[in-house]
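Subject: Structure for your review

Dear colleague,

I would ask you to keep it open while you read the notes that come after it.

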Amino acid sequence: MTSPARPLQANPRPPAAPAAGAAFPPIDLRPLFAPRSIAVVGASGKGGIAATIRANIRAIGSDTRCHFVNPRYDELHGEPCYPSIAELPEVPDIVVVALNPLRAASVVADAAAAGVPAVIVPGGGVVEGGEAAARMQREVREIALSHGIALLGPNCMGLFDLTTNSATYIGDVNPWLPHGGVTGIAQSGSVTDAFIHAGTRIGFSRVIGCGSEVVLDVCDFLAYAIDDDETHSIMLFVEGFKRPERFLALADRALELGKAVMAVKVGRSSQAQAAAVAHSGSLAGEARATEAALRAAGVILCDDLDALLETAELVAGCRRLGRGVGRGRAGVVTVSTGEASLIADLAPRTGIDLPDVPAATRDRLLEALPTLGYIGNPLDPWGATDTATAYEAAFTAFAESGAYDVLAAVYDFPYRSLPSEVETALEIIAPLVRATADRPDLMPVFVSLTSGEPTPEIADALRGAGGVPLLRGTVEAFTAIAAVARWEAARDRRRAGRARRAEWPSIAAERTFVGHDIVIDPASPIASRVSPERESLERVARMGIPTVRAELVATADDAAAAASRIGFPAIVKVDAAGLAHKSDVGAVRLGLPDPDAVRAAARDLLALTLPAGAIWCEFASGKPVVA
């Protein structure tokens, strides 16, 4: 039933904000993660966000109450529909904006007037939408901060919290996703979907889509996960950082606590860096420097989502079994000499350590399996005798050798549970479990070199053995073992020593939301563009960091004169807002030995069709800290 058409009214003025200079009211994240009720503003009879959110709540059996708001309807999807937030039967814990994101400010203002503690602004393209989108972000940020609203987004999918059984998420949630100890945080909506639909191996505590981070950023959610007793590890998909120093400090704290932080950090290519600025308003940073800093803080860096998921499964499996991978020395037992050779060939790429079989172990294997043609690591005992006997001898000999920290059984998942293949897999799993049962310093893992969906019977057998990790993909599985070994060593060093930087512990102890951080304005134009080099260097210099000697010039003759003052050899480049990678467009000339060479290079650069800018001359000698 529909009521006479009534337009959804915008609040002409947001509620009064605190006076200038007054402290912002506090923000409470708990309503985001444990809402008693939510309201979807802009709910439609055509389905969309409102129908999906309600279906998600029902699919997971949540007690969260869901209300619809749209003045055009009296009823939607069999539920009452209310004309405004103010006319709801209760103040919801979360308001979800189901309108065009550019209209979000009026909804946030109405939510503030009603005393709503949390708002989620979904929607795509709001960062890339020009001045109108930038204005919307500034407005929702100001309203949210002025009234203590925990605002998630804009440009996000929402969140799914398995610890509180709530899902304020605009895509379909996976009701079979197991509850566990991994928090997934992503700056990409599609990646939050990838986490939620990753199958049933990894148990999540919650999955959060950060979006454009105008009030709450990845650091805020990382801090929440670190403080959460139900979260034991964190997996991240990151495009860029608004507060890199805080992120590193929090990662260091997680390392000290033994909570592994695993991350895919995009931005190695110029295309990915430009996309990061456009999509989330975050600067991706120079890839090598960023990766070095993350590793120094104990972050496990993964190349892609497959590697991230396998690493998370291994970390979770270590916790389930109460064991670690030690130095990562792996003894590998396969059912194929060809696959054994493949693993050996890929070892340098994965970083896995495959120690040779000790002489005493070799002798023991030959005694038990005299027809074994080749003994090495990886080992293929298939066909030496019956399956049960062969693999019992192989796993027992490797386990008793003392040469290995990890014992891996390699068998590809049988398709559709074909009976004889499943029987063989179970015959191989049983001796792996027995050989490692009373050896807490030996970590069992099961590896399928192909990355299909795990066979249920195999998954059940490993689960019944205490949760032996089940890893998929040759490169991903063995890279994960090597990476977790490095992380365990870093964790032990951190616990025995101090943080890499003295200020990290105090920074990590603070709980300052990005919207309250006075040195950051995520909604400013600077957050969504690449600054000119001159502007960037001035900021760096104000921090007391040495920079290159440089001058800004407008003509070729001025460039030659500036280079003569600065010194040779010289560098000449174009400096312009939005030009992140000058070399990609031929806007840099290096190693210029004299004024004539500088003059000629400047003429060439001035002739390029590029964003409006000026010529920048630098001294090329020496080793400046920032260049």
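The notes below describe the protein as a whole, then its helix packing, and then some details of its backbone.

**The protein as a whole**

Please bear in mind that this is a predicted model. The protein has 20 helices and 22 strands. Of its 627 residues, 54% count as buried. How far apart in sequence are the residues that touch one another? Among contacts between residues at least 6 apart in sequence, 75% join residues at least 24 apart.

**Helix H15 and its surroundings**

Helix H15 covers residues 456–464, and within it Ile458, Ala459 and Leu462 are buried. Why do these buried residues line one face of the helix? Viewed down the axis of H15, they fall within an arc of 100°, so they share one face.

Which residues are carried by the face of H15 turned away from the buried side? That face carries the exposed residues Arg463 and Gly464. The buried residues, for their part, are covered by elements that include helix H14 (419–437), strand E17 (443–448) and strand E18 (470–472). After H15 comes Gly466, whose phi is positive, near 100°.

The crossing in which H13 passes H14 is right-handed. On the H13 side, the residues that meet H14 are Thr387, Ala388, Tyr391, Glu392, Phe395, Thr396 and Ala399. On the H14 side, they are Glu427, Ile428, Pro431, Leu432, Arg434 and Ala435. These contact residues divide into 8 nonpolar, 2 polar and 3 charged.

The second pair consists of helix H3 (residues 104–114) and helix H4 (residues 130–146), whose axes come within 9 Å and cross at roughly 5°. H3 and H4 are therefore roughly parallel to each other. Ala104, Ala105, Val108, Ala109 and Ala112 of H3 meet Met136, Glu139, Val140, Ile143 and Ala144 of H4.

H19 passes H20 in a right-handed crossing. H19 contributes Ala556, Asp557, Ala559, Ala560, Ala563 and Ser564 to the contact. H20 contributes Pro595, Val598, Arg599, Ala602, Arg603 and Leu606. By type, the residues of this contact are 8 nonpolar, 1 polar and 3 charged.

**Details of the backbone**

Two peptide bonds deserve a look. The bond from Phe568 to Pro569 is cis, with omega near 0°. Pro569 lies in the loop between H19 and strand E20 (570–575). The bond from Gly153 to Pro154 is also cis, and its omega is near -5°. Where is Pro154 placed? Pro154 is in the loop between strand E7 (150–152) and strand E8 (158–161).

The loop between E7 and E8 also holds Asn155. This residue has a positive phi of about 70° although it is not a glycine. Is Asn155 buried or exposed? With a relative accessible area of 11%, Asn155 is buried, since buried means under 20%.

His77 is likewise a residue other than glycine with a positive phi, in this case near 55°. His77 is found in the loop between strand E3 (75–76) and strand E4 (79–82). Its relative accessible area is 26%, and His77 is partly exposed.

Yours sincerely,

A colleague

Key: Residues numbered from 1 in each chain as written. Predicted model: local features only at pLDDT ≥ 70, side-chain atom pairs only at ≥ 80, totals over all residues. Heavy atoms only, no water. Buried < 20%, exposed > 50% of the residue type's maximum accessible area, 1.4 Å probe, protein only. Helix = DSSP H or I, 4+ residues; strand = E, 2+ residues; numbered from the N terminus. Arc of directions from axis to C-beta. Contact = heavy atoms within 4.5 Å. Left-handed = near helix turned anticlockwise from the far one by under 90°. Nonpolar A, V, L, I, M, F, W, Y, C, P; charged D, E, K, R; others polar. Axes fitted to C-alpha atoms, helices over the stretch in contact; angles between N-to-C directions. Parallel < 35°, antiparallel > 145°, perpendicular 65-115°, else oblique.
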